[in-house]
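Work through the two exercises below with the structure at hand. Try each task before reading its solution.

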Amino acid sequence: MKARQSIYLFFLLAFINGCAVSVNVNNEDIDKPISNEFQKQSLLGILYAQTSTEFIANNMQTFAAASAHLDESIFDSSWTAALEQINNFNDKPPAIILDVDETVLDNSAFQARTIINGLSYPNGWIDWGNEARAPAVAGVADFLKEAESKGVKIFYVTNRVAELEDATRKNLEDLGLPLDKDRDVLMMKGESGWASDKTSRRALIAEDYRIIMIVGDQLSDFLPRQETALAPEERKMLAYKYRNMWGSKWFMITNSMYGGWEASIYDFNYPDNENTATKLRMENLQP
Ligand SMILES: [Mg+2]
């Protein structure tokens with residue numbers, strides 16, 4: 001999403017600066033509808049999330065695997081899923097950490113709007129969040145209800161901005177998902193000084209709980225952000241490095257729409273224009 005954010009901001013700044021930067025925008029262009037040609041590059045990725053039965057089956061499969069490991073992970077006091085959890089955790093009560101966007105809540109409707117409007121994140125994102133009507137990812141609700149019934153604490157660690165906390169809480173509650181009130185279980189970016197890296201939030205939870213599973217759609221939902229900032233081929237090696245985690249302690253939801261995999265194509269330095277982004281995308285094809 002950040003590439004599109006940068007591109008959007010670039011054009012916005014160009015507009016604010018009276019179009020004095022290198023983009024040639026004249027008064028006639030301002031009245032023209034915004035082209036969605038660049039956003040259309042995401043079309044099939046978004047349709048996969050919105051129309052495919054395969055995606056639903058895959059998510060059900062993921063949460064079924066998590067469910068199958070619940071009892072073992074609860075009763076084995078040496079079991080931990082968090083790299084931040086190093087010692088003295090055997091007697092702590094069990095907890096599961098989930099990311100929110102594209103792990104628990106399905107924001108593909110927002111992504112669909114970006115294609116229709118030709119404008120993407122952050123344009124319209126806060127409005128979408130405040131609508132609080134993102135559906136649940138297939139399989140997550142049954143899994144979380146089962147975990148909660150077995151005494152597992154559920155934490156949501158999200159990089160949604162703190163401004164969206166109330167709406168996110170409403171969205172999760174309306175879907176009937178566990179959301180305890182005895183402590184803060186919905187940990188937003190920007191809240192309590194938390195940055196994008198989720199390591200400190202996992203470490204904080206690990207002080208009081210034994211983290212038995214982590215569910216996310218990004219490598220950085222499991223690992224320190226810096227460790228995941230690699231070129232695509234090196235980054236793939238992380239899947240192998242942590243091969244013992246997947247499917248028992250770590251559960252990855254497919255995100256074909258956006259994420260660190262896209263940032264990796266740009267060497268984590270998002271292009272400020274659509275042509276460069278398109279060129280780098282093409283260069284990363286492997287014929
Ligand atoms: Mg996510």
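**Exercise 1.** At what angle do the axes of helix H3 and helix H6 cross?

*Solution.* The model is predicted: local features need pLDDT of at least 70, side-chain atom pairs count only at pLDDT 80 or more, and totals for chains, interfaces and linings use all residues. Residues are numbered from 1 along each chain as its sequence is written.

Step 1. Locate H3 at residues 43–51 and H6 at residues 108–117; helices are DSSP runs of H or I with at least four residues, and strands are runs of E with at least two, numbered from the N terminus.

Step 2. The two axes cross at roughly 150° and come within 10 Å. Axes are lines fitted to C-alpha atoms, for helices over the stretch in contact, and angles run from 0 to 180 degrees between N-to-C directions.

Step 3. H3 is therefore roughly antiparallel to H6 (over 145 degrees).

Step 4. List the contacts (C-beta atoms, placed from the backbone, within 7 Å): Leu43, Ile46, Ala49 and Gln50 of H3 meet Ser108, Gln111, Ala112 and Ile115 of H6.

**Exercise 2.** Which strands stand at the edges of the sheet?

*Solution.* Step 1. Write down the order of the 5 strands in this open sheet, S3-S2-S1-S4-S5, where the pairing is parallel (two strands pair if DSSP finds at least two bridges between them).

Step 2. S3 (186–189) and S5 (250–252) are the edge strands; each has a single partner strand, so one side of each lacks a neighbour in the sheet.

Step 3. From one strand to the next, the twist averages 20°.

Step 4. Check the pairing of S3: 3 bridges join S2 (residues 153–161) to S3, and Tyr156 has Leu186 in S3 as its bridge partner.

Technical notes:
Angles under 35 degrees count as roughly parallel, over 145 as roughly antiparallel, 65 to 115 as roughly perpendicular and the rest as oblique. Two residues are in contact if their C-beta atoms, placed from the backbone, lie within 7 Å.
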